[in-house]
Amino acid sequence: MIQSLNSVPAFDIKQQYSTIEAEVSAAVLEVLASGRYIGGPVVEGFEKQFAAYHGVTECVACNSGTDALFLALRALNIGAGDEVITTTFTFIATAEVISAVGAKPVFVDIDDTFNFDLQQVAAAITPKTKAIIPVHLFGQPVHMTALMAIAQSHNLVVIEDCAQATGASWGGQKVGSIGHIGCFSFYPTKNLGGCGDGGAITTNDPAIASQLRVLREHGSKVRYLHEEIGVNSRLDSIQAVILEIKLRYLDNWNERRRAIAAYYHEFLNQVPGLIAPQELAGGVGVWNQYTIRVSGKGRNGATAQYRDSVRQQLQEKGVGSMVYYPLPLHLQPVYQDLGYQPGYLPVSEQISHEVIALPMYPELTQEQQDQVIYALKDCLG
Ligand SMILES: *Cc1c(COP(=O)(O)O)cnc(C)c1O
């Protein structure tokens with residue numbers, strides 16, 4: 001039993017800011033003094049850096065990860081009558097945008113990597129399928145070699161949802177540079193997080209990039225001349241300057257996350273009643289989340305209840321945690337009309353009752369990691 005209850009929060013973004021405060025505040029003040037708050041050289045500079053980091057030719061910054069996905073679908077003319085295959089075990093944004101453009105999300109189940117099962121992806125393809133959206137969940141890359149082979153054999157477009165995986169790679173290539181389009185979020189808790197909302201789209205296709213630039217700017221190439229319905233989805237200059245600074249630290253921060261994941265793994269891998277996350281060979285993950293599964297039964301057999309009781313005990317020992325995601329998308333009220341029944345995607349349904357995301361951020365100290373490990377062993381032992 002740990003006596004000193006120093007708390008370990010589930011995440012702590014203030015701490016990261018304090019490590020780069022001088023640099024960031026000077027740059028932000030410069031933007032404020034410049035009078036260029038939207039677009040302009042700062043945003044273009046960040047786009048160039050972000051494209052170079054990914055080894056792609058094009059980056060289009062926008063207002064959020066959700067908008068990045070939405071704009072990608074719009075740029076590909078995906079809409080009514082089309083189907084888009086994605087995982088049921090993801091944040092709502094991934095599927096919401098498919099619905100928002102008028103297409104139909106087709107959900108497939110996951111395997112124990114938390115990412116979608118590629119055999120089920122292949123089986124879900126119909127003549128209406130236009131695209132596949134792999135989600136590199138928790139920072140763990142999808143097996144992109146196999147996925148691209150499936151997509152190519154059916155002539156489908158691949159839009160990578162990299163919101164949780166900035167800096168991750170598969171087969172030596174950064175995620176977001178392997179599919180046709182990569183979509184990123186700079187929400188503050190992501191691996192590359194801004195101080196507000198932000199997002200970006202990467203591609204090697206200049207035609208797609210120029211269409212994205214038109215769509216994010218009210219559907220206009222020439223100011224006040226509108227050829228199609230677009231949106232307002234731009235990245236603020238203040239966010240761009242912050243992100244450009246943070247991009248320089250990203251690899252170090254991701255290395256820290258990998259070291260913390262390895263440390264957790266060493267001490268949690270053998271704990272009975274706990275399944276530690278595994279890294280797929282071929283990928284380098286960036287651990288946006290470190291998600292374990294607890295598989296005991298609760299008092300009335302509901303594993304979600306058991307999971308919740310473990311979290312409660314962790315909280316009492318000062319250890320914060322989160323649940324991503326408690327209800328898979330195919331069972332969400334908003335998707336009832338798609339007709340999925342409970343039991344249809346059983347792995348996700350089961351796992352959604354078992355997951356606990358432990359504290360995971362680059363600034364976690366060894367003492368804090370030990371506190372998490374001891375607390376967990378205590379709860380399960
Ligand atoms: C965060 C997230 C998004 C959406 O990003 P926002 O910037 O919050 O709009 C999309 N997909 C996944 C998997 C995410 O985690």
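# Buried residues and the ligand shell

Asn 254 has a relative accessible area of 4% and is therefore buried, the limit for that class being under 20%. This and the other values below were computed from a predicted model. Asn 254 belongs to helix H8, which runs over residues 237-268. Apart from neighbours within four places in sequence, Asn 254 is in contact with Thr 166, Gly 167, Asn 191 and Val 286.

## Gln 164 and its partners

Gln 164 is placed in the loop that connects strand S5 (157-161) with strand S6 (169-170). Its relative accessibility is 10%, so Gln 164 counts as buried. The side chain of Gln 164 makes a polar contact of 2.9 Å with the side chain of Tyr 325. That side chain of Gln 164 also reaches the backbone nitrogen of Phe 138, at 2.6 Å.

Most residues other than glycine have a negative phi, and most peptide bonds are trans. Phe 138, however, has a positive phi, near 60 degrees. Phe 138 sits in the loop between strand S4 (129-133) and helix H6 (144-153), and its relative accessible area of 5% makes it buried. Tyr 325 lies in the loop between helix H9 (303-316) and helix H10 (346-351).

Which residue does UniProt list for "active site"? The UniProt record, an unreviewed entry, lists Lys 190 under that feature. The unreviewed entry also lists Lys 190 for "modified residue: N6-(pyridoxal phosphate)lysine". In the model, Lys 190 lies in the loop between strand S8 (181-185) and strand S9 (199-203). Lys 190 counts as buried because its relative accessibility is 15%. Beyond four places in sequence, Lys 190 is in contact with Ala 163, Gln 164, Ser 185, Arg 257 and Asn 288.

The ligand is surrounded by 14 residues, and the closest are Gly 65, Thr 66, Asp 161, Ser 185 and Lys 190. By class, this shell has four nonpolar, eight polar and two charged residues. Helix H3 (65-75) and helix H4 (92-100) each contribute at least two residues to the shell.

| Side chain | Distance to a ligand oxygen atom |
|---|---|
| Thr 66 | 2.5 Å |
| Ser 185 | 2.6 Å |
| Lys 190 | 2.7 Å |

On its own the ligand has 380 Å² of accessible area, of which the protein covers 92%. Two of the residues in the table, Ser 185 and Lys 190, are also in contact with each other.

## Val 108

Val 108 is found in strand S3, residues 104-108. A relative accessible area of 3% means that Val 108 is buried. Its contacts, not counting residues up to four places away in sequence, include Ile 85, Thr 86, Thr 87 and Thr 88. Phe 116, Gln 120, Val 121, Ala 124 and Leu 345 are also among the residues that Val 108 touches. Between the C-alpha atoms of Val 108 and Leu 118, which are ten residues apart along the chain, the separation is 8.9 Å.

## Tyr 224

Is Tyr 224 buried or exposed? Tyr 224 is exposed, because its relative accessible area is 70% and the exposed class begins over 50%. Tyr 224 is found in the loop between strand S10 (220-222) and strand S11 (225-226). The phi of Tyr 224 is near 70 degrees, a positive value in a residue other than glycine. A positive phi was also noted for Phe 138, but Phe 138 is buried.

Notes. Residues numbered from 1 in each chain as written. Predicted model: local features only at pLDDT ≥ 70, side-chain atom pairs only at ≥ 80, totals over all residues. Heavy atoms only, no water. Helix = DSSP H or I, 4+ residues; strand = E, 2+ residues; numbered from the N terminus. Buried < 20%, exposed > 50% of the residue type's maximum accessible area, 1.4 Å probe, protein only. Polar contact = N/O pair within 3.5 Å; in protein donor to acceptor, adjacent residues only side chain to side chain. Contact = heavy atoms within 4.5 Å. UniProt positions renumbered as here; feature names shortened; annotations may be inferred. Near = heavy atom within 4 Å. Areas by Shrake-Rupley, 256 points an atom, 1.4 Å probe, with all protein chains shown as cover. Nonpolar A, V, L, I, M, F, W, Y, C, P; charged D, E, K, R; others polar.
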